[in-house]
Each structure stands twice: as structure tokens, then as C-alpha cells.
Amino acid sequence: MHGEYKVPGGKLVVVDLEERDGRIADFRLAGDFFLEPDGALADINAAVNGLNAESDVTAIAAAVRAALPEGAQLLGFTPESVGTAVRRALVTAPGWSDFDWEVVHDKPVSPRMNLALDEVLTTRVGAGLRKPTLRIWEWNENAVVIGSFQSLRNEVDPEGATRHGFDVVRRISGGGAMLMAANAIVTYSLYVPAALVQGMTFADSYAFLDDWVLQALRSLGIEATYQPLNDIASPQGKIGGAAQKRLANGGVLHHATLSYDMDGQMMTEVLRIGREKLSDKGTTSAAKRVDPLRRQSGLPRAGIIDRFIETFTRLYGAAPGSITDDEYAEAEALVESKFSTDAWLRRVP
């Protein structure tokens, strides 16, 4: 059995192993990482050999960590990444290159349509009716998009939202609220089969699915890193955040919103959560916690999106695609039956 795991921002971890009588056997670790002392490689191999083949990432990492000699240096990988590669080998998880990818950057639609398209396209990928897809959002109305489990009254100031012209909608993924002002953010969605993230912890899958965007940002001179669980940041502050929803049919939605430009004062007048976070961190301005891409890159929003598409296409061999008429029609019906209803918006009052 063979497993690979590219550590986000790090190195490639490769494992080969056999399973005999429910135990890991003939385990061999390789990769382009750095490890000192040299003999620690044999210690890691010995630690994994004999483990129960049902061991999870945490248990495998603990065995590796316990076997390392004092002062050992692991550069570009961690015991957890070894565990992830082992689990991916045991479940024969595919990699990015095992799929045919599409990139979609279609016409602007309403925020509700964007949310409905997320559900429709994730369902279709899970059912094998659509290729795995990266979609860049465009929208034609301002909106606050709250997480699936957020309280409407606790997160949004209705007077502030009305005053600044923001509708309020709810998405199917968890996480926090995002302010979708015109031309002020970059939002993308990935629709992938669950097989792509098999063997990973939920937390690891976030960084894994956003590694390409870190590479795109770094190519623009932005020192982007991933901050667990779901933040993309630079040394100057947060750039954006990601959220996920996993469907029963095997489709995985992973989407992220990155700040291109912002009005910190407006944010705190529309989002109640902004005031609480600022209070908790002793910060007096929302702008001090967020470092928008416009300031860091000096590029127009369209230029950043072009680089995102170029990077994803180069890394994964993606081809241009589009949303079909049937998919638009299904999403429009879902807007009417779900995303525009008061019952959905106020599912958590």
C-alpha cells in the first residue's frame, strides 16, 4: 500500500506499507523533508511497524513522537503528517491528480443563488454527475452570509444592515459571518469527492484543500500562512477564513472568503460578532485585525482572481468549465424552497 501527503506549506511525506493480520507491516517512510539525526528515520519506521491498522492519525503520531530521540528535528513535516499519510495509504485515498478538474467563473448572481449553487454542485459532485470543480463567486447584491449554526439576532445588527444596504442570508456550512460587499472580497468554492480527503482529520483537510491558494498568494508576494482551524493569514493580520459541509452522498463543499478591501467601521455596525471579537482581543478597530489583499498586492480584484485560476490550473491540470442550464434551474428552485425562506434564515433565531 502506498500513501502520500503534501504538508500545506511543507514537504511531501510518502509511506509504503503492508497490512498483515490487522497490523501495519514493512513500513517505510520517505519524502523530501529534512530529519536530524539521520537515524531517526529508522526509529520512525520501527514505531509504526506493528501498530493496529485501525489506528487513527492521533495514535500514529503519538507512537512516532514517543520513538524520536531527544533533540530530533523534523523540518517540513510532523508526526501528524506521517499519521495522515499512513491513513491515506490504508484507505487508498486518491490525490488531486487522480481527478479531472474544472474551473468555473461565471456571471454574477444573487448571494442566495451562490449559496444554492454550492448545495447543488456539491450534491452533483458527490453523485458523480459533475467533475470536481473550483468556482469563483460573483454577485450582484450586498449581503451578510451567516453560518449554518449562527444565531441571527446575535450575529447581525438589523438596523446597521438596513442602513448600509445588506441583505442577510444563511449558508449550509458552519463558521462565522462574512460581509459580502460589492468588489470587496474574493470568495471561492471547491466541490470535491470525499475520497480526496480520506484518512485526514477534519482540521487537516482544511489546510490541504486551501494549500493551492496559499501558493497563489505567495506568488503575489503575500506571506500567506494557514492558521488552524480555518484562517488564512499574513504577518499583518487575517486575510480570510474557510468553512466546510460534507454531504451524505460523498460530496464535500469547501469554500473560503478572503478580504480584498474593507470598511472596518461599517463591519462593526453590521456584524455584532465583530464587536465581541474586538472586545475579546482588546483591539479598537476591525481594520487592525484584517489585512486586505488590495493593500498587500496593489492589484485589482480581477488580477488576484486571475492568479488564483492560473495557479489552480497549473497545479491540477484544470480546464475551464461553466454551470449548466439544469444546474442553474435546480439552484433557482432551491432558492425559492429554502434559501429565501424565513424558516431557513431563522432556523437559529
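Trainee: Where is Pro 37 found?
Mentor: This is a predicted model, in which local features need pLDDT of at least 70, side-chain atom pairs count only at pLDDT 80 or more, and totals for chains, interfaces and linings use all residues. Residues are numbered from 1 along each chain as its sequence is written, and side-chain values use heavy atoms, with hydrogens and water left out. Helices (H or I, at least four residues) and strands (E, at least two) are DSSP runs, numbered from the N terminus. With those names, Pro 37 is found in the loop between β4 (34–36) and α1.

Trainee: What is omega for the peptide bond that joins Glu 36 and Pro 37?
Mentor: As a reminder, most peptide bonds are trans. The bond joining Glu 36 and Pro 37 is cis. Its omega is about -5°.

Trainee: How many nonpolar residues are in the contact of α1 with α2?
Mentor: Contact means heavy atoms within 4.5 Å, and here Asp 43, Ile 44, Ala 47 and Val 48 of α1 meet Ile 60, Ala 63, Val 64 and Ala 67 of α2. Ala, Val, Leu, Ile, Met, Phe, Trp, Tyr, Cys and Pro count as nonpolar, Asp, Glu, Lys and Arg as charged, and the others, Gly among them, as polar. In this contact no residue is polar and 1 is charged, and the nonpolar ones number 7.

Trainee: Is Ala 61 buried or exposed?
Mentor: Ala 61 has its place in helix α2 (residues 57–67). Buried means under 20% relative accessible area, exposed over 50%, partly exposed in between (1.4 Å probe, protein chains only). Because its relative accessible area is 1%, Ala 61 is buried.

Trainee: How far apart in space are Ala 61 and Glu 80?
Mentor: Beyond its neighbours within four places in sequence, Ala 61 is in contact with Pro 79 and Glu 80. Ala 61 and Glu 80 are 19 residues apart in sequence. From C-alpha to C-alpha, their distance is 4.8 Å.

Trainee: Is the crossing of α8 and α12 left-handed or right-handed?
Mentor: Helix α8 (residues 211–219) packs on helix α12 (residues 301–316) at about 125°, with axes 9 Å apart. That angle is why α8 counts as oblique to α12. A crossing is left-handed if the near helix is turned anticlockwise from the far one by less than a right angle, and right-handed if clockwise. The crossing of α8 and α12 is right-handed.

Trainee: Which residue is the bridge partner of Lys 6 in β2?
Mentor: β1 and strand β2 (residues 12–20) pair in the antiparallel sense over 5 bridges. The partner of Lys 6 is Leu 12.

Trainee: What is the phi of Asp 26?
Mentor: Most residues other than glycine have a negative phi. Asp 26 lies in strand β3 and is partly exposed, at 35% relative accessible area. Although Asp 26 is not a glycine, its phi is positive, at about 50°.

Trainee: Is Thr 92 buried or exposed?
Mentor: Thr 92 lies in the loop between α3 (79–90) and β6 (102–104), and has a positive phi of about 50° without being a glycine. With a relative accessibility of 61%, Thr 92 counts as exposed.

Methods:
Axes fitted to C-alpha atoms, helices over the stretch in contact; angles between N-to-C directions. Parallel < 35°, antiparallel > 145°, perpendicular 65-115°, else oblique. Pairing = 2+ DSSP bridges.
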